[in-house]
Amino acid sequence: MIQVSEDPQSSRDAISDLVRRYSDAVNRRDPAVWSGTFTPDASWRLGPERVVEGRAEILRLWTREMQKFRRVVQIVGDGSVVLDSGGRAGTGRWEFQEHAEREDGASSFMVAHYEDEYLQVDGQWFFANRSLVPQHRRVSETRAEEAEAPASGSSGPEAPVPPVGQNGD
């Protein structure tokens, strides 16, 4: 367990460890470690229409989503943390890349960031709110669709998903 510290840098380091523990649990498909990064009443936002509340519901959605993938690799990039004046809560933003292969053979690549709210409980940091903000996403065709795809530029449902982001890239 992480010890309570009055040192803001120690808290930022502990939150950085929390972010990396979350990502590592995604990569290892470890539901206990992954769900343990959230407070019991946390919220997880994957988009405007996809918000779940409470650790049990968050884990239920994550488990259902992870069953769609053969493998997922999430790589954490730069991040920032701002602590409140009491040092027991904070906000942050963490960049990441995610590479995934779905069970249907399609692969995806996403560049995104999480906008976070943190809460320290009994000396340990947790996510109180974690909101996904995609910046770029690309999905390949499934292997079966690739074999059947026309040689010229493809369109329709099997075409690559256009990028999502503020600048269209």
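Me: Before we start, what should I know about the model and the numbering?
Reply: The model is predicted: local features need pLDDT of at least 70, side-chain atom pairs count only at pLDDT 80 or more, and totals for chains, interfaces and linings use all residues. Residues are numbered from 1 along each chain as its sequence is written, and side-chain values use heavy atoms, with hydrogens and water left out.

Me: OK, the sheet. What's the strand order?
Reply: S2-S1-S6-S5-S4-S3, an open sheet of 6 strands with mixed pairing. Strands here are DSSP runs of E, at least two residues, and helices are runs of H or I, at least four, numbered from the N terminus. Two strands pair if DSSP finds at least two bridges between them.

Me: Which strands are at the edges?
Reply: S2 (50-53) and S3 (69-83), each pairing on one side only.

Me: And how do S1 and S2 run?
Reply: Antiparallel, with 4 bridges joining S1 (residues 38-47) to S2. Arg 45 has Val 51 in S2 as its bridge partner.

Me: What does helix H3 touch?
Reply: H3 (residues 55-66) packs on the sheet and touches S1, S2, S3 and S6, and its direction makes about 45° with that of S1. Touching is contact, meaning heavy atoms within 4.5 Å. Axes are lines fitted to C-alpha atoms, for helices over the stretch in contact, and angles run from 0 to 180 degrees between N-to-C directions.

Me: Switching to aromatics. How many pairs are there?
Reply: The structure holds 10. Rings of Phe, Tyr and Trp (its six-membered ring) pair if their centres lie within 6.5 Å; planes under 30 degrees apart are stacked, over 60 edge-to-face, the rest tilted.

Me: What's the geometry of Tyr 22 and Phe 127?
Reply: Edge-to-face, at 5.5 Å centre to centre and 75° between the planes. Tyr 22 is in helix H1 and Phe 127 in strand S6, so the pair ties together parts 105 residues apart in sequence.

Me: Last one, Asn 129. Where does it sit?
Reply: Asn 129 is in strand S6 (residues 124-139). Its relative accessibility is 9%, so Asn 129 counts as buried.

Note on methods. Buried means under 20% relative accessible area, exposed over 50%, partly exposed in between (1.4 Å probe, protein chains only).
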